[in-house]
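Please go through the structure shown below with the following explanation at hand. It moves from one residue to the elements around it.

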Amino acid sequence: MTEATLTHAIDHGLSEDEWKHILRVMNRAPNLTELGIFSVMWSEHCSYKSSRVHLKKLPTSAPWVIQGPGENAGVIDIGDGDAIIFKMESHNHPSFIEPYQGAATGVGGIMRDVFTMGARPIAMLNALRFGDPKHPKTQHLVSGVVAGIGGYGNCMGVPTVAGEVNFHKAYNGNILVNAMCVGLARTDKIFLSAAKGSGNPVVYVGSKTGRDGIHGATMASAEFDDASEEKRPTVQVGDPFTEKLLLEACLELMATDAIVGIQDMGAAGLTSSSCEMADKGGSGIELNLDKVPCREKGMTPYEMMLSESQERMLMVLKPGREAEAEKIFRKWELDFAVIGITTDTKRLVLTFKGETVADIPVAALADEAPLYERPWVEPAHAKPLGAVAECASVGAALQALVASPDLASRRWIYEQYDSTVMADTVQKPGGDAAIVRIHRSNKAIAVKCDVTPRYVQADPFAGGQQAVAETWRNLTAVGATPLAITDNLNFGNPQRPEIMGQFVMAVRGIGDACRALDFPVVSGNVSLYNETNGQAILPTPAIGGVGLMKDVTKHASVPFKGEGHAVMLIGDTKGHLGQSIYVREMLGREEGPAPAIDLKVERRNGDFVRGLIEAGRLTTVHDVSDGGLAVALAEMAMSSGIGARVTMPSTGSRTGFWFGEDQARYVLAVPAGDVERILSDAKLAGVPAVKLGETGGTSLQFDGEAGVSVKALKAAHEEWLPKLMAG
Amino acid sequence: MRAAVIVFPASNCDRDVAMALERATGKAPLMAWHGEASLPDQLDLIVLPGGFSYGDYLRCGAMAAHSPIMREVIARAKKGTPVLGICNGFQILCETGLLPGVLMRNASLKFVSRSVAMTVEGANTMFTARYAPGQTVRIPVAHGDGNYFADKATLDRLEGEGQVAFRYVQGDNPNGAARNIAGIVNDRRTIMGMMPHPERVCEPLHGGTDGKMIFDSLVSALS
């Protein structure tokens with residue numbers, strides 16, 4: 001076997017120090033297969049070597065948390081023996097190179113993370129960031145990513161219910177595709193990945209192993225340059241049909257007690273699944289690579305270990321249960337092979353054609369992987385915004401804003417996703433959060449993902465807080481009690497101190513908000529090196545939240561429900577225009593500080609609104625976010641076809657009042673007779689509340705200006721994306 | 001009413017339609033695996049559910065049409081046992097020849113998932129008796145291949161014989177289907193295929209109950 005050298009190590013993306021570290025832990029030079037294994041296990045993607053020290057500071061526990069970070073996905077208890085298992089994960093680099101397959105396999109990968117723990121996936125979400133709409137590649141990337149997400153999720157029969165899409169030139173060379181999967185399991189049937197015990201059979205199930213995706217994890221841990229598209233062969237190809245069979249077969253086997261541990265083969269395939277299972281089980285694993293089902297003849301151990309072929313799982317069974325398990329997988333026409341055995345050596349040993357081709361201490365690959373405290377500098381605070389001229393007509397500005405890239409309707413996207421399969425979707429895409437009923441029950445979960453990258457860029461700490469707070473607010477706005485989050489932290493090159501500074505401060509902000517809102521992090525994913533030719537993306541820590549509603553019939557939604565209802569605003573408005581969509585779209589200024597976050601106020605205002613919904617007193621709520629109050633009102637009007645007449649209740653800047661992005665605010669619509677009681681209840685709770693006007697008519701009218709037709713607003717709002725995609 | 005739902009590999013609306021049947025009849029239907037060669041003697045209804053049977057490989061429904069259970073389904077259908085095919089089930093019925101025509105790729109070439117308005121064209125069948133003739137209903141579609149096509153003579157015959165069960169409202173055709181056809185029945189009115197998913201609008205929490213009438217109609221006719 002060829003002994004590897006420093007040159008090989010550098011070609012595998014390892015540093016000289018890391019090479020020396022390998023020589024130390026191996027006490028000899030590794031061969032090429034072993035080096036390949038080290039290179040993927042120590043890649044940023046698998047080892048979290050730059051982020052781990054900071055992630056450890058995040059709050060991860062609460063009485064309802066069953067499993068925090070460290071497993072395939074996080075698990076929370078929603079009562080009655082039901083558990084929700086969820087996680088969000090990025091597939092950014094592959095999706096830029098090959099958008100359809102990159103996005104599709106991102107969906108497939110996150111679904112496996114969830115069903116490998118014993119859950120049936122019940123909801124999918126995605127957070128997408130594309131470049132400038134005018135960039136020559138944007139249309140192609142949007143089209144391919146959306147088709148890929150739909151192509152995989154639709155076939156799986158899991159509804160895609162919510163998401164978020166931004167366009168910004170910072171993503172021109174590095175789009176973000178983050179997919180989140182939420183599954184339902186029983187609390188007493190949760191499967192972990194530890195390969196406990198010695199002498200237990202190690203079983204490979206699913207698709208055959210091919211040459212696709214070799215070194216995907218390493219690619220995901222490097223910056224892009226103009227030659228990146230030559231890496232297309234490292235993008236995996238998805239087969240949702242096989243995944244659907246794998247899901248059903250796994251759930252069928254999980255109904256028995258034959259499984260000791262199970263782990264999907266995701267990034268770094270057979271290598272990471274076997275190492276992680278052995279590491280968590282405190283055991284060793286011996287694999288006979290002759291037994292691995294291969295798609296092609298002549299595959300080498302190196303290729304088998306690094307392949308990222310999709311739709312594969314590794315399981316450790318109780319001894320003697322192989323036949324029972326095999327019968328289930330054969331029924332579903334899937335490959336099933338006993339490829340190894342657990343040992344007590346704490347080593348990963350691979351044999352091929354009678355020879356030992358790798359022999360590595362498991363701890364060296366997992367726990368003893370390098371850990372970096374990268375140098376970082378606190379990012380400079382954004383300069384004050386400076387004067388903003390008063391807008392001439394709120395209605396006219398609104399008409400432009402609702403058709404701007406970040407606020408235009410996403411219908412062209414979400415109508416390509418099956419959002420109602422499983423027949424438990426209560427709030428479809430277009431709401432503040434999606435609502436999915438727990439099958440055969442009267443309770444439901446609410447799910448949503450959020451982050452405002454321009455805020456994080458201006459102030460990583462406040463931006464991190466805001467991402468968590470907005471997720472919490474959206475869950476609250478439909479009537480759910482927020483329970484926990486998953487985070488998908490997309491940043492640039494961590495070896496640049498200013499980028500590392502963004503990361504460190506954003507994670508601190510996230511942690512701060514999670515603590516204040518009792519909203520722990522139970523799973524997550526870090527995607528670094530999102531740069532092309534040295535140009536980093538906006539820092540984008542996407543937050544995916546899950547909340548619980550005990551009575552699904554008591555929920556609120558965005559559309560006005562009738563004419564003559566009172567329109568009310570909850571929360572304080574200072575008119576914060578820094579980093580607002582208004583100043584960016586209308587004035588071309590990406591300037592000013594991010595809005596301030598007061599988490600006590602956030603919680604107080606949200607608890608008040610949720611209380612009204614839970615009491616059955618409120619069915620129309622919309623949170624105020626991008627574009628401010630005027631945009632929130634427009635969305636309520638456009639979704640119902642009902643207009644409103646509203647008036648600023650104070651003096652001051654109308655621009656700031658209608659378009660400012662102050663946080664912790666909600667718009668409510670209630671029957672006119674309910675206003676006084678809500679105002680007095682709000683006063684008692686210390687919550688700012690004010691009546692803005694009434695619903696009715698077919699136009700939106702601000703402060704007595706000429707009204708802007710709801711129909712015209714809607715036409716502009718709906719037209720933008722289809723036009724872009726047809727262009 | 002004793003109903004069976006056929007489960008193909010990657011059927012994915014089998015549970016949803018089973019729930020709709022259970023709600024309508026009070027008991028869970030039989031779930032029949034595609035590899036079985038026979039079905040119980042006493043069966044009042046066979047349902048081919050939506051999904052991506054065999055991954056839509058080759059052509060939607062083409063491989064399912066040749067699976068072992070379909071020989072039995074075709075034999076029963078020919079003897080008069082009612083069959084309802086929804087979405088992929090409709091595609092399979094066309095592939096077997098139990099219903100005329102084909103379902104081509106959507107004219108937009110994109111998957112489409114949204115609620116559509118349809119008129120009930122033929123209320124004189126066991127599948128649609130509970131609707132008022134000409135009634136407009138809203139039922140969601142979710143498919144990539146729902147563009148119904150047949151030659152002119154066949155379309156004229158379907159129209160002439162009153163075999164068009166549902167028609168998309170003009171302007172709301174989601175897939176380019178010929179003559180806005182959303183669902184058809186065979187000449188004996190014992191087999192219906194439709195692209196929209198009635199099982200997804202059966203209770204107020206679904207945002208509508210326009211699909212429930214199909215299952216209630218079948219219960220009235222077959223119990």
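In this predicted model, Gln101(A) has 25 other C-beta atoms within 10 Å of its own. The cut-off for a buried residue is 20 or more such atoms, so Gln101(A) counts as buried. The residue is part of helix H7 of chain A, which covers residues 99–115. Leaving aside the neighbours within four places in sequence, the contacts of Gln101(A) are Gly148(A), Val235(A), Gln236(A), Val237(A) and Gly238(A). Ala382(A), by comparison, lies 281 residues away along the chain, and its C-alpha atom is separated from that of Gln101(A) by 38 Å.

Two packed helices are described by the angle between their axes and the distance between the axes. For H7(A) and H10(A), the axes come within 11 Å and the crossing angle is roughly 5°. Angles under 35 degrees count as roughly parallel, and H7(A) is therefore roughly parallel to H10(A). On the H7(A) side the contact is made by Gly108(A), Met111(A) and Phe115(A), which meet Pro240(A), Glu243(A), Leu247(A), Cys250(A) and Leu251(A) of H10(A). By residue class, this contact comprises 6 nonpolar, 1 polar and 1 charged.

The contact between the chains takes 20 residues from chain A and 21 residues from chain B. On the side of chain A that touches chain B, helix H8 (138–156) and helix H10 (240–254) each supply at least two residues. The residues on that side of chain A are 9 nonpolar, 6 polar and 5 charged.

A strand of chain A remains to be described. Because 10 of the 10 residues of S21 (residues 540–549) are buried, the strand is largely enclosed by the rest of the structure.

S21(A) has pairing partners in chain A. Strand S16 (residues 444–450) runs antiparallel to S21(A) and is joined to it by 7 bridges; here Cys449(A) stands opposite Gly544(A). Strand S17 (residues 481–490) is also antiparallel to S21(A), with 9 bridges between them, and Ile485(A) stands opposite Gly545(A).

Methods. Residues are numbered from 1 along each chain as its sequence is written. Chains are lettered from A and ligands numbered from 1 in the order in which they are written. This is a predicted model: local features need pLDDT of at least 70, side-chain atom pairs count only at pLDDT 80 or more; totals for chains, interfaces and linings use all residues. Two residues are in contact if their C-beta atoms, placed from the backbone, lie within 7 Å. Helices (H or I, at least four residues) and strands (E, at least two) are DSSP runs, numbered from the N terminus. Ala, Val, Leu, Ile, Met, Phe, Trp, Tyr, Cys and Pro count as nonpolar, Asp, Glu, Lys and Arg as charged, and the others, Gly among them, as polar. A residue is buried if 20 or more other C-beta atoms lie within 10 Å of its own, exposed if 12 or fewer, and partly exposed in between; C-beta atoms are placed from the backbone. Two strands pair if DSSP finds at least two bridges between them. Axes are lines fitted to C-alpha atoms, for helices over the stretch in contact, and angles run from 0 to 180 degrees between N-to-C directions. Angles under 35 degrees count as roughly parallel, over 145 as roughly antiparallel, 65 to 115 as roughly perpendicular and the rest as oblique.
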